[in-house]
Amino acid sequence: MDFKLSEELQQIRVIVRDFVENEVEPYAQQIEEEDAIPAHLVEKAKDLGLFGISIPEKYGGIGLTTVEKAILLEQLGRTHNGFVSLISAHTGIGSTGLVKLASDALKEKYLPDMAAGRKIAAFCLSEPGAGSDATNLATRAVKKGDKWILNGMKHFITNGPIADVFTVFAVTDKEKGARGGITAFLVEKNFPGLMIGKIDKKMGLKGSYTSQIIFEDCEVPDENVIGEVGMGYSSALRILGEGRVGLAARSVGSCDKLIEMSAQYAKERVQFGKPIAKNQGIQWMLAEMATETEAARALTYRVAWLIDEGMKAIKEASMAKLFATEVYNKVADKAVQIHGGMGYIAEYPVERFYRDARITKIYEGTNEIQKVIISQRVLEEC
């Protein structure tokens, strides 16, 4: 494994870091208060090519490897997590299915607009009765002539209210279920029968919208099947695996920012005549935060490398997601403690990171489900 950055990637990394620190972060409090991301930040992200980092160059994207994406997502994780979520949901689980599994015709039709950010993507798997248990889908798809008719409802869909294209999973053969009976479809927002349902009010991730997506006799052309009919469950696992690595990388970036803020505050905050950084209790917290973050980074990079080498890495992706998000939550908790009362005040970034960290242990598969996936693979391998 060689994680040495090319000169070009180093330059891109610097550009993204500068964008995050000097253009996005100054608007973080505004995003919190207005629950909306300023349009000019989204347009600048498009100009920088951030909506196309997962998409091959032939379709107008940057075409980064999984390791390279992880490195950039780290930088994005240093700022407002709602802003990052908009981009990562699009470039991760929203795009991966098309890039990895779709026909050439589908790629040529949709990927150029997705790479440019002209079409925003979303991933529709979760349902009221099928969250962590993705095999229990209720959404159905029936073939009629040259179209599929979809009926059902998805929920907690990131980018749902603003997305133009959706990767949707539906049951096409109830008897086969997850073993050959689930199919993935690329559905446009303007297809007859697709409706946006309730938009969620969340504890965190302001500016990132999730909603229900409702299908009532939604007509989807046969050519919009992603991959093979019936192979949607295995496709979902593959897509989620890469998405989990991206989430791990974002979490590491957020940890980096929290450690920097905490160390700086500890050096500036004076109590009993000396900076609190002189106290061993504070030093130990910073040491634990830094050590666990580095461990999460190393694991995330390794799993990204395994994926780039063509390995499924389903178990390893779950490990990266589990470990990095647990670390993020612990680091955020310690950051609040180091900042004391200031860490609990909404005007300061630490409080925001603390709230936003919590969802990382839930979405893209709860951490309890990651443990199930990991243990099942361990039992199969040993």
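View 1. Lys 330 is partly exposed, with a relative accessible area of 37%. Glu 292 is likewise partly exposed, at 23%. (Buried means under 20% relative accessible area, exposed over 50%, partly exposed in between, with a 1.4 Å probe and protein chains only.) The two side chains meet in a salt bridge, 3.5 Å from N to O. Lys 330 sits in helix α10 and Glu 292 in helix α9, 38 residues apart. A salt bridge here is a side-chain nitrogen of Lys or Arg within 4 Å of a carboxyl oxygen of Asp or Glu. This is a predicted model: local features need pLDDT of at least 70, side-chain atom pairs count only at pLDDT 80 or more, and totals for chains, interfaces and linings use all residues. Residues are numbered from 1 along each chain as its sequence is written, and side-chain values use heavy atoms, leaving out hydrogens and water.

**View 2. The Glu 74–Arg 297 salt bridge.** The N to O distance is 2.7 Å. The pair links distant parts of the chain, 223 residues apart. Glu 74 belongs to helix α4 (residues 66–76), Arg 297 to helix α9 (residues 280–308). Glu 74 counts as buried because its relative accessibility is 5%. Arg 297 counts as buried at 13%. The structure holds 26 salt bridges.

**View 3. Helix α10, residues 314–339.** Helices (H or I, at least four residues) and strands (E, at least two) are DSSP runs, numbered from the N terminus. Helix α10 has 26 residues and reaches 38 Å from first to last C-alpha. That is close to the expected 38 Å, taken as 1.5 Å times one less than the number of residues. Of its 26 residues, 20 are buried. Gly 340 follows α10, with a positive phi near 60 degrees. Lys 315 and Glu 316 form a salt bridge, with closest N and O atoms 3.8 Å apart. Both residues are buried.
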